[in-house]
Amino acid sequence: MALKLFNTLTRSLQEFAPSAADANKIGMYCCGPTVYDYAHIGNWRTFVFADLVRRTLEFFGHEVRHVMNITDVEDKIIKRVQEQKVSLREFTGRFEAAFFADLKTLNCLPPHLTPRATEHIPEIIALIEKLIARGVAYRAGDSSVYFSIAKYRGCGCTYGQLQKLNFDELRVGERVAADEYDKEAVADFALWKARVPADGAVFWPSPWGEGRPGWHIECSAMSMKALGESFDLHLGGEDLKFPHHEDEIAQSEGATGKPFVKHWLHAAHLLVEGKKMSKSLGNYFTLRDLLANGFTGREVRFLLLTAHYRETFNFTIEGLHGAKTALARIDECVGKLRELAGGTAAVPNRELVEQFKAALEDDLNISAAWASVFEWVRKVNRALAENSMTHAEAASHLAAWEKVDSVLGVSAAAETEASAELKALLMERQSARQSKDFKRSDAIRDELKAKGWIIEDSPKGQRLKKI
Ligand code: AMP
Ligand code: ZN
C-alpha cells in the first residue's frame, strides 16, 4: 500500500504522489498564525496536525521542506496595534515569540522556514503587478487594488476549486475589503489596501500609493517564493478553504498560469466540551491556560492526536486526564524496555512498525495507529511480567517504539539524570575500588551497564551517563 490522503481539491482519497521533478522532495506550506494574541487550542489542533503530516511524510522516507508563514500584518493586528499604541513589530514580536515557545512545548518540529509577511512586501507588490498586467486585478478609485473574479473566470480559470460557490449572487465588480469575509461574499477581494487613518503607522509605499497588503496575497507570495510556483502540499484549518485558500489559488494561478498546489489538506475544527470555543462561554483555552492548570504539553499533544484530522474534535478536560493515564502506561512500558535493553542497538520489531504504518497509509488513521500502539504495550507488558523477554528483544521493541514515536512525538525524554538508587551503586563501587575489591567493583559496573548507564570520569570525579 502507499500513503493515501484526502485531497480537498479532488474531494477524494488520493495516493500521495509528489511531483515528478524530484519525487522525494516535498514542498509543504501550512498557513501559520496571525500573531495578534496567544494561539488557542483550536489553532493548536491545526498546527499539531501539520506536524503529524510532516513527520508522517518523513517516516515514509520523503524529504520535506516545511514552510509556515507568520501573518504579522492583517486587519485584527492593525486594530490592536492602534488600541495599544505600540509599534507593529513590538506588538507582533511578543505573540510570535510565544507561538514558537508553545510550538516547542507541544513538541512540534520547527518548520524549515517561517517567513514574515512584513518582510515580503516587495514580493507581494511584484505579484500584484503581475496580476494587473494579466488583466485580473485592477486599481479602484481609492487606490486600493482588487482581484477581479469576473475577469479571472473570463480567462477560463475556475474560482471555487475547493468548495462549491454560489455565483448567482455575484454582482460584477462588487468588492470586499476585509481580510476575513463571509461564505456568501463571492466578490472582488483586496490585494492592496490603500492607507486610511485607522492604519496609523502601518503602511508601505507601492506603485498605487501608500498602503498594506491583504491577507490572502501574503500567503501566495510567501509560499511561491519558498516553494516555487507549483508545489505539493498545502494545509490549514477547514475554515480557511474559503475565502483564504480559494483566493490563494486564484492569485497564484492567475499570475503564473500554472497549477498552484497538488494536494490540499484541511483539518476539521475543534470544539470545547461540545461547544464552539468562545471567551464569553468561558471555554476558551490557550496552551498556557492548560499548563497553568497543571497539564503538560505532552498531554495536550497526545489528546490532540487522538482524533482523525477530518473529524470535528471535542476537546475536554476529562480527555486531558485520560491522556495523562495513557501516557503513564506508555512511559512505564518504555521505561522497562530501556532498562532491559541496556543500550543494545537493534533492528526495530516489525509487527508494531508495520501495523502503525498501515494505519497511517489509510489517510492518517490515527485511531488504528494508537490501537496498534496499545496492543503492543499489552503484549510487551505481558512478556515482561513473564520474564520471557531477552535483552535483544527488548532492544528491538524499543527501537520499534522510537520509530513510531518519530511520528507521534509523545515520548518522555530519556532520563539524563541517574536515580538515587543508581548513584548509591556508584558510590558503593568507589568504596569497593578503594578497598581493592575489584570483583565487586566490576560486578557493579556490569550491573550499571545492564541498566543502561556507563561510568564516566569528570573533573568532579566519576559520574553516570546514559548509554
Ligand atoms: P489564525 O491564527 O486565526 O490565522 O489561525 C491559525 C490556524 O488555526 C488556521 O489554520 C485556522 O484554520 C486554525 N483554526 C482556527 N480556529 C480553529 C479551531 N477552532 N479548530 C481548529 N483549527 C482552528
Ligand atoms: Zn495562508
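The zinc ion (ligand 2) in this predicted model is coordinated by C31 (SG), C219 (SG) and H244 (NE2), at 2.0 to 2.2 Å. Donors are N, O and S atoms within 2.8 Å of the metal (3.2 Å for Na, K and Ca), and water is not among the atoms, so sites may look incomplete. Along the sequence, the donor residues follow the spacing C-x187-C-x24-H. C219 belongs to helix 6 (residues 215–227) and H244 to helix 7 (residues 241–256), so this pair ties together parts that are 25 residues apart in sequence. Helices (H or I, at least four residues) and strands (E, at least two) are DSSP runs, numbered from the N terminus.

Helix 7 also contains P243, and the peptide bond from F242 to P243 is cis, with omega near 0°. K85, in the loop between helix 2 (75–84) and helix 3 (88–105), has a positive phi of about 50° although it is not a glycine. Most residues other than glycine have a negative phi, and most peptide bonds are trans.

Ligand 1 is surrounded by 14 residues, the closest being T34, G42, T46, D239 and L270; a residue counts if one of its heavy atoms lies within 4 Å. This shell divides into 4 nonpolar, 9 polar and 1 charged, where Ala, Val, Leu, Ile, Met, Phe, Trp, Tyr, Cys and Pro count as nonpolar, Asp, Glu, Lys and Arg as charged, and the others, Gly among them, as polar. Helix 1 provides the largest share of the shell, 4 residues.

| Residue and part | Atom of ligand 1 | Distance |
|---|---|---|
| N43, side chain | oxygen | 3.0 Å |
| G237, backbone | oxygen | 3.1 Å |
| H269, side chain | nitrogen | 3.4 Å |

Taken alone, ligand 1 exposes 490 Å², of which the protein buries 88%; accessible areas come from the Shrake-Rupley method with a 1.4 Å probe.

Residues are numbered from 1 along each chain as its sequence is written, and chains are lettered from A and ligands numbered from 1 in the order in which they are written. Local features need pLDDT of at least 70 and side-chain atom pairs count only at pLDDT 80 or more, while totals for chains, interfaces and linings use all residues, and side-chain values use heavy atoms, with hydrogens and water left out.

Terms used. A polar contact is a pair of N or O atoms within 3.5 Å; within protein, one must be able to donate a hydrogen and the other to accept it, and residues adjacent in sequence count only if both atoms are side-chain atoms.
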